[in-house]
Amino acid sequence: MIKIKTVTLHHITQTLKTPFTSSIGHVTDRESILVEVTDLEGISGWGEVVAFSTPWYTEETISTAFHLLKDILVPLLMNQPISHPDQLNHIFHNVKRNYMAKASLEGAIWDLYAKKQGVSLAFALGGEKSEIECGVVVGISSISKMTEQISQYVEEGYKRFKVKISPDQDIELIEGIRKKFPKLPLMADANSSYSLNDTDRLKELDQFGLLMIEQPLAADDIIDHAKLQQKLTTRICLDESIVTSEDARKAIELGSCRVINIKPGRVGGLTESKKIHDLCKANDIPVWCGGMLETSISRAHNIALASLANFSIPGDISSSSRYWEEDLVYPEIKAVNGKITVPRAEGIGFHMQMDIVKKYRNSVTVIKNSYI
Ligand SMILES: O=C(O)CCC(=O)c1ccccc1C(=O)O
Ligand SMILES: [Mg+2]
């Protein structure tokens, strides 16, 4: 049984090694809230808010998540003995949406639960793989710079390559990459920058043998995605459109996608991620784990999640050094020849380096359980 003593919110800001640009947002300084849940025995579990400073990817921000955690979600948990993290879905039932806020606390409880059971998070989730294959994402810049970055990542051994596209830079970019790398496992992420009026343009991408095209249309438009998928040979993968397992069910039923990107933050946590994984498995829809320019806390959660069987496509799970000067955890998370070993140690399997957390920390908020 988990009995919470304190929840500590560490608000940090780290500067990305190089700014990251997509069709809808540009990130230089990455704010995060690290969520540390400590129980009565003094064991801590860690989670992370992956929302951004502004609502460019989803409606949540670091500030809205801080409010939700401090004033709504943490108080809801305080007077509840928790025997399994799956219970949080029910406890949060009357709090609408705010998936990233919920996921941060849920992830911390999963870590704490696994630690108390003396098992790895991967084991607690039902993971089967001992190592996962890694993919990497190249943000928008000039075609020559993006191609150069891909060359470097090919040398590093990554197994899957994703480039950000928009109507301003798509066909020429993919054509350029394909000239240099005809067989590269390549995919493109549009972050909703197209509409059905662009169908002909998107059909031109079919000739390049992409693994998939991610989220071409609006987040709330699974109907148009279904229409588009009928016209394309390239598989559509949904990211922003899927925030619950019910969304996934509807998208699969409608034929809106043939692949789903699962991000625990976007869907409210690991329990919902697992549900979507299981649903997709039953429907022969492969899944992969998406990235959020996250710290190694979420990276560790993602590694554990991606060890489940139907994560059959390498995700946006790269070395910590892809984005960060210093890793918040020890040992450093590192892809070797495009693979990461799934840790067997308890919980997330990595240790927090508190001196590094403190170095990047803006503020710390400790919420004590007043019921004990
Ligand atoms: O973490 C990464 O490697 C980048 C992943 C990425 O593409 C991304 C990063 C931030 C917000 C949204 C997305 C996305 O998948 O759409
Ligand atoms: Mg995406």
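Is glutamate 214 buried or exposed, going by the other C-beta atoms within 10 Å? In this predicted model, glutamate 214 has 27 other C-beta atoms within 10 Å, so the residue is buried, the cut-off for that class being 20 or more.

Glutamate 214 sits in strand β8, which spans residues 213–214. Apart from neighbours within four places in sequence, its contacts are Met187, Ala188, Asp189, Ala190, Cys237, Asp239 and Asn261. Two of these contacts, Asp189 and Asp239, return in the annotation: an unreviewed UniProt entry lists Asp189, Glu214 and Asp239 under "binding site". These three positions are spread over 51 residues of sequence, yet they cluster in space, with a largest C-alpha distance of 9.2 Å.

Aspartate 239 lies in the loop between β9 (236–238) and α9 (245–254). Aspartate 239 counts as buried because 22 C-beta neighbours fall inside 10 Å. With neighbours within four places in sequence again left aside, aspartate 239 is in contact with Glu214, Gln215, Asn261 and Gly290.

The next element to consider is helix α6. Helix α6 covers residues 171–180, and its buried residues are Leu173, Ile174 and Ile177. They span an arc of only 90° around the axis, and therefore lie on the same side of α6. Glu172 and Lys179, on the other side of the helix, are exposed. The cover over the buried residues of α6 includes helix α5 (143–156) and the strands β6 (160–164) and β7 (186–189).

Key: Residues numbered from 1 in each chain as written. Chains lettered and ligands numbered in written order. Predicted model: local features only at pLDDT ≥ 70, side-chain atom pairs only at ≥ 80, totals over all residues. UniProt positions renumbered as here; feature names shortened; annotations may be inferred. Helix = DSSP H or I, 4+ residues; strand = E, 2+ residues; numbered from the N terminus. Buried ≥ 20, exposed ≤ 12 C-beta atoms within 10 Å, placed from the backbone. Contact = placed C-beta atoms within 7 Å. Arc of directions from axis to C-beta.
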